[in-house]
Amino acid sequence: MDVPLPHLDRPFDYLVPAALDAEAQPGVRVKVRFAGQLVDGWLLERAESSEHPKLAYLEKVVSPVPVLSPEVARLARAVADRYAGSLADVLRLAVPPRHARAEKAVTAEAPSADAAAPTEAPAPSDAPAPDGSSAPDGSSAPAPSADALAPADAAARAEVDPRGWRDYPAGPALLRALTDGRPARAVWSALPGEDWADRYADAVAATVAGGRGAVVVVADARDLDRLDAALTAVLGAGRHVRLTAADGPARRYRAFLAARRGDVAVVIGTRAAMFAPVDRLGLVAIWDDGDDLHAEPRAPYPHARDVLLTRAHLGDAAALVGGYARSAEAQLLVETSWAREVVADRAVVRARTPALAPTGDDPQLARDPGAASARLPSLAWTSARDALRADLPVLVQVPRRGYVPSVACADCRAPARCPHCAGPLALPSAQGTPACRWCGRVTAAYACPECGGRRLRASVTGARRTAEELGRAFPGVPVRTSGREEVLATVPGGAGLVIATPGAEPVADGGYGAVLLLDSWALLTRADLRAGEEALRRWMAAAALARPGPAGGRVVVVADGALAPVQALLRWDSAWFAARELAERRELGFPPAVRMASVTGTAEAVADLLAGARLPGDAEVLGPVPADEGRERMLVRVPRSRAAALADALHAAAGQRSARKAADPVRLQVDPLVLF
């Protein structure tokens, strides 16, 4: 039943009236009467008998279309158990809301061969779970076979064109494994300038050639458009559908039904596609798994990467985790032998990488003593000037959007705060009046409470102010901005400046002549466990858009060259940095080396839940630490082998509180992206 109460997280038995016998098939939406009210639900299974002596009848079959496949139902249960959530919460994410008009249009068409008839759920896989040590139920499982990416026979090789993957020694073998239907698991580190969408299209085409389907998840609409175009070029029109909430309810539901009916074998999309129903699933893939957009903000807060890896485990399917940078979670897959890394030789990396240079190392400081404090040191300015003279575009990455998102007193340097809510003040333009970023109130007559000063200075410079400054520095050069308000997909060739926030960098025809990575301190000094990893991911995504070094491409990062993330960028070796991060987190006891859950709520509610939770004996309870809106957060840490026990204990404790109608809610998150 679609009821968000943990203590009701179990199937319920109902009788099927004779009038509904034909329509009441597993997977359909139904309405039942529960506690005197009509509630929505999904019919999971038909049975001849029940152990309960007195049963009520189904009230209604909402639609005879079986929207919930057995494979997705099984996956949803596994995801709910992994994240200490309820099956109903996961099914709301897995099955999009019904759109009656779109459903009527689809069902009016000629039915497909399978007509979405219920099928048996796939047999459990003997491959290890994504934590590299055990199956989802905690039992031990054997390691994957060593020949998961071994060469296939000549006939299978002839079906796949591996040219795009030849820069990676294991790439052609990966395609052959996909064509053969073998469950190859790969972590791919893409080269600079690589057209990742074309490589993913190759992998999907190989899977389809082997008679199986694929699900590919990307972070945002811009990446989805690139992948959509690449797949259309390789597979042809009408061979795949895109599943994203941004396409609107009707189009999304129509795409979902096309996949559920078996009309297409390939589904691509944002995180909305991670549960897409695909027959004979042979490949699950995710691009740039470190992007926080892959984390679902609704309960039980699953991450698309973990959902897809669980799906690969349950369905014995191949998995591909790719990106320019490698996350610590992807590195764990490699170190536990759950996946094999697909990387290029160092000679190829050096040939494809642009010339990379920091501004804060000793040789540069000797040439330019002001580089330590300058926002645009001479090396960055010279690189931009040379690229513009060569009639090449220049990309400037700025971490903050807006004009001046943070100001301070010009006399004492104290941060300027709103006198009403203490929020940070910002300037919307050069002639604009300071306004609060939290409550929106305008503070025209601001006076510093520390010194009484009335003059303000910029403490953080945004993308629009940067565009204004660089426009004055390079007169006559076109300046474009790309950010949350307006994202550019591509920019034409020729000289020009592109100011972009992370994730909104457009692709330039032929690549950028120079890429400038400004305000690195804003990324590196965040109070976040993943600050270094996130900074490297954003830098590499921007640097990958530059031309290779031999073709004149240059990347300048305004940071100290001795910092580990900067070193990884200069060597284009995110695997080294990911291994270092994972080793440090293993030593300190942070995810993904351990399983950690956060419990957030009022102090009384958090204490109540933890007091009723039968936590594993080796669980560590850390905290409390302050959270938002007067709440507090407690952290519970266990070894990865005890992850299932932790999730069961927290879910049971939440069920006890909901059964006795506890007033204050508690938010449970397993392995949240933000811990502090």
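Arg29 has Ser63 as its bridge partner in β3. Before I go on, this is a predicted model, in which local features need pLDDT of at least 70 and side-chain atom pairs count only at pLDDT 80 or more, while totals for chains, interfaces and linings use all residues. Residues are numbered from 1 along each chain as its sequence is written, and side-chain values use heavy atoms, with hydrogens and water left out.

Two strands pair if DSSP finds at least two bridges between them. Here, β1 (residues 29–34) pairs with β3 over three bridges, in the antiparallel sense. The sheet is open, has three strands in the order β2-β1-β3, and its pairing is antiparallel. Which strands stand at the edges? They are β2 (37–42) and β3 (60–63); each has a single partner strand, so one side of each has no neighbour in the sheet. On average, neighbouring strands of this sheet are turned by 35 degrees against each other, direction ignored.

**Two helices**

Next come α1 (residues 70–82) and α2 (residues 87–94), whose axes come within 9 Å and cross at roughly 125 degrees. Axes are lines fitted to C-alpha atoms, for helices over the stretch in contact, and angles run from 0 to 180 degrees between N-to-C directions.

Contact means heavy atoms within 4.5 Å. On the α1 side, the contact is made by Val72, Ala73, Ala76, Arg77, Val79 and Ala80. On the α2 side, Leu87, Val90, Leu91 and Ala94 make it. An α-helix has 3.6 residues a turn, so residues three or four places apart point the same way.

How many residues of α2 are buried? Seven of its eight are, and the helix is mostly covered. Buried means under 20% relative accessible area, exposed over 50%, and partly exposed in between, with a 1.4 Å probe and protein chains only. The buried residues are Leu87, Ala88, Asp89, Val90, Leu91, Leu93 and Ala94. What covers them includes β2, α1 and α8 (249–260).

β6 and β7 run parallel and are joined by four bridges; in β7, His240 has Val266 as its bridge partner. Four bridges also join β7 (residues 266–269) to β5, again in parallel, with Val217 partnered by Gly269. Towards β8 (residues 281–287), β5 has five bridges, also parallel, and Gly213 stands opposite Leu281.

In a regular strand the side chains alternate between the two faces of the sheet. In β5, Gly213, Val215 and Val217 point one way, and Ala214 and Val216 the other. Are these residues of β5 buried or exposed? All are buried, and β5 (residues 213–217) is mostly covered.

**Two buried residues**

Last, two single residues. Arg595 lies in β23 (residues 594–601) and is buried, with a relative accessible area of 7%. Its side chain makes a polar contact with that of Asp671 at 2.9 Å. A polar contact is a pair of N or O atoms within 3.5 Å; within protein, one must be able to donate a hydrogen and the other to accept it, and residues adjacent in sequence count only if both atoms are side-chain atoms.

Leu650 is found in α20 (residues 643–659) and counts as buried at 0% relative accessibility. Leaving aside neighbours within four places in sequence, Leu650 is in contact with Ala84, Ala597, Leu609, Leu615 and Leu668. Leu650 and Val599 are 51 residues apart in sequence and 9.1 Å apart in space, C-alpha to C-alpha.
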